[in-house]
Each structure stands twice: as structure tokens, then as C-alpha cells.
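Subject: Structure handover

Hello,

Here is the structure for your files. My notes on what was found in it follow below.

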Amino acid sequence: MKHFLPNGDELIIRPPEINDAAALLASFQRLTAETDNLLFTHSESLELDIRSEEDYIHSYLDNPHQLLLVATVKGRIIGSINVNHSGLHKKAHTAEMGIAVERPWQNMGIGRRLITAMLRWAEGRPGLAMIYLHVFSPNEKAMQLYRNFGFQECGRQPAAILLKNGAYADLVTMFLQIKPLP
């Protein structure tokens with residue numbers, strides 16, 4: 001999918017290819033360096049290698065119940081969205097979403113476009129009725145984006161996340177019912 005950003009750049013949202021592993025890893029490492037809103041620390045992200053990233057991409061490409069999309073500008077990966085299905089029968093109607101956009105590219109509608117693309121995919125999955133996500137409580141901007149799509153808070157794990165500054169944050173669970181339950 002091609003879109004134009006407010007700055008005139010062309011945004012492309014697409015599934016990754018195996019040869020995107022180095023670029024996807026580099027984007028993830030940039031993200032962990034610039035934000036405290038991801039579970040991985042920057043030092044943990046530096047322990048990953050291209051082979052593990054190739055395996056990560058394969059895990060999505062080889063599973064029709066999971067989704068990974070990358071956002072690219074001028075050929076550079078600057079964000080991604082993923083949907084993970086547990087594979088468990090009792091949770092077959094649910095999946096978990098994760099999303100990240102590099103800081104220089106935020107506030108340009110990229111997150112909104114990634115979520116829209118993900119929801120189109122999810123709505124076409126038979127049996128998938130609910131999307132869940134987890135967000136750190138200080139990340140109000142992200143929570144507002146999710147609320148704009150109809151996600152609702154359904155729980156909090158108090159002090160579940162230790163931030164860089166030594167403070168603790170709640171881990172907020174949100175969900176969106178995309179289809180009626182059978």
C-alpha cells in the first residue's frame with residue numbers, strides 16, 4: 001500500500017521479505033535506543049543478530065494466522081506492526097498486536113495507517129474476533145491512538161514495567177472486538 005505523508009514522502013506498507021532482516025533489525029535497534037516504551041532495552045536489542053531476525057520474519061511468513069508489516073520511506077524501514085496468534089485452540093478467536101514507529105516519523109499518520117492495514121487483514125481472518133495489545137501506562141499518546149480505533153482498556157498489571165529512570169509503570173491491556181463472537 002502506498003500513501004503520501006504530510007512532508008511529501010511516499011510511505012509504503014508491505015509484508016517483509018527475508019532480505020529485509022538487516023534493515024528490520026536496524027530499525028528495531030534505533031527504536032530501542034530512542035524510546036523506553038518497548039519491552040526490549042537497547043542493550044538487549046544489540047544481542048539480536050541477522051539470523052534471529054530472519055527466523056523472526058519466517059515465523060510470520062510461514063504462518064497465515066500471524067501478520068508482520070513494515071513501513072518504509074525512501075526504501076528505509078521506519079516502523080512495523082505485528083499480530084501474533086498463540087496457536088492455542090482455546091484462544092483461537094484472539095491475537096495480540098504490537099506496533100512501533102521511529103520517533104522522527106511519528107505524528108505523520110504512519111501508526112494510523114499501519115493499524116488500518118492490520119485491521120483489514122484481521123477482519124478477513126475467519127474465527128479471529130478480538131485483538132489485544134499491551135502498552136506502558138506513561139504512553140498516553142499511543143493509548144489515545146488505540147482509543148481512536150475503538151480499543152478499550154480491560155486491565156492493568158500494576159508496576160509491571162521498570163523504566164530507565166528507575167520508576168515503575170503499569171502495563172495496560174487494551175482490546176478491540178473486530179467481529180461478534182460466535
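A residue is called buried here when its relative accessible area is under 20%, and exposed when that area is over 50%. Please keep in mind that this is a predicted model.

Helix α5 (residues 140-148) has Ala 142, Met 143 and Tyr 146 buried. Seen down the helix axis, the buried residues of α5 fall within an arc of 100°, so they line one face of the helix. They pack against β5 (94-101), α4 (110-123), β6 (130-136) and β8 (168-177). After α5 comes Gly 150, with a positive phi near 100°.

Tyr 146 has contacts with Met 97, Ile 99, Ile 115, Leu 133, Val 135, Phe 151 and Met 174, leaving aside residues up to four places away in sequence.

The largest nonpolar core has 36 residues, and those touching the most other members are Met 97, Ile 110, Met 118, Ile 131 and Tyr 146. Two or more residues each come from β2 (10-14), β3, β4 (76-84), β5, α4, β6, α5 and β8. The largest share, eight residues, is that of α4. Another core of seven residues lies apart from this one, and includes Leu 24, Ile 57, Leu 68 and Val 70.

Thr 72 sits in strand β3 (residues 67-73). Its relative accessibility is 5%, so Thr 72 counts as buried. Beyond residues up to four places away in sequence, Thr 72 touches Glu 10, Leu 11, Ile 12, Arg 14 and Ile 77.

On charged pairs, there are eight salt bridges in the structure.

- Asp 20 and Arg 14 form a salt bridge through their side chains, at 2.7 Å from N to O. Asp 20 is buried at 9% relative accessibility, while Arg 14 is partly exposed at 24%.
- Arg 51 and Asp 55 form a salt bridge with their closest N and O atoms 3.8 Å apart. The two are four residues apart in helix α3 (residues 50-61), so about one helical turn separates them. Arg 51 is exposed, at 57%, and Asp 55 is partly exposed, at 39%.
- Glu 102 and Arg 76 form a salt bridge with the closest N and O atoms 3.7 Å apart. Glu 102 is in the loop between β5 and α4 and Arg 76 is in strand β4, so the pair ties together parts that are 26 residues apart in sequence. Glu 102 is buried at 2% relative accessibility, whereas Arg 76 is partly exposed at 41%. Salt bridges with shared partners join Arg 30, Arg 76 and Glu 102 into one network.

Regards

Notes
Residues numbered from 1 in each chain as written. Predicted model: local features only at pLDDT ≥ 70, side-chain atom pairs only at ≥ 80, totals over all residues. Heavy atoms only, no water. Buried < 20%, exposed > 50% of the residue type's maximum accessible area, 1.4 Å probe, protein only. Contact = heavy atoms within 4.5 Å. Arc of directions from axis to C-beta. Core = buried A, V, L, I, M, F, W, Y, C linked by side-chain atoms within 4.5 Å. Salt bridge = Lys/Arg side-chain N within 4 Å of Asp/Glu carboxyl O.
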